[in-house]
Amino acid sequence: MTTGQRARALTHRLLFRMSAATILPAAAVLVAIVAVNAWRKHGAMVDGAREQLALRAQSLANWVESRNAEGVETARVLAVAQSRLFGRREDASARVRALLEETPSITGMCTGYDPGADGNDAAAVPEGGVGPAGRLLVC
């Protein structure tokens, strides 16, 4: 090898060593920084999503609770009204129907009497007790 070739080889070796000593560690540090930041961001996003989910669940639970409270209050009012209408089945049915029509959040209501409670069982059930669609009719 000539002196020029040796100098070039030495230059290449020095450049490789400098690259290995500076550029590769810097790149490794950069990759590590990006990875750590990505991991932290992921953790923060997961925590935020959990918090939003918990808030949404609590909001829905509060909504269900308010709807249940409304239904309980409606049932209480209806029970008081029905106690005053005991034995007057047509009036009681009309009150239930009116409350059902006035309260769109309620999809169905019924009232019932124990057998023979008011002595009007036979008069309250239509003949056969079944309507044209095959449904039990108690008015």
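**Salt bridges and a helix pair in a predicted model**

Q: Which residue meets Arg 76 in a salt bridge?
A: A salt bridge is a side-chain nitrogen of Lys or Arg within 4 Å of a carboxyl oxygen of Asp or Glu, and the one that involves Arg 76 has an N to O distance of 2.7 Å. The two partners stand three residues apart in helix H1, so about one helical turn separates Glu 73 from Arg 76. The partner is itself partly exposed, with a relative accessible area of 37%, and this partner is Glu 73.

Q: How many salt bridges does the structure hold?
A: Besides the pair of Glu 73 and Arg 76, the side chains of Arg 88 and Asp 91 meet in a salt bridge at 3.1 Å, N to O. Arg 88 counts as partly exposed at 44% relative accessibility, and Asp 91 also counts as partly exposed, at 40%. The number of salt bridges in the structure is two.

Q: How many helices does the protein chain have?
A: Helices (H or I, at least four residues) and strands (E, at least two) are DSSP runs, numbered from the N terminus. The protein chain has zero strands, and its elements run α-α-α from the N terminus on. The number of helices is therefore three.

Q: What is the angle at which H1 and H2 pack?
A: Helix H1 covers residues 3-84 and helix H2 covers residues 89-102, with their axes (lines fitted to C-alpha atoms over the stretch in contact) 10 Å apart. Angles run from 0 to 180 degrees between N-to-C directions, with those under 35 degrees counted as roughly parallel, over 145 as roughly antiparallel, 65 to 115 as roughly perpendicular and the rest as oblique. H1 is roughly antiparallel to H2, because the helices pack at an angle of about 160°.

Technical notes:
Residues numbered from 1 in each chain as written. Predicted model: local features only at pLDDT ≥ 70, side-chain atom pairs only at ≥ 80, totals over all residues. Heavy atoms only, no water. Buried < 20%, exposed > 50% of the residue type's maximum accessible area, 1.4 Å probe, protein only.
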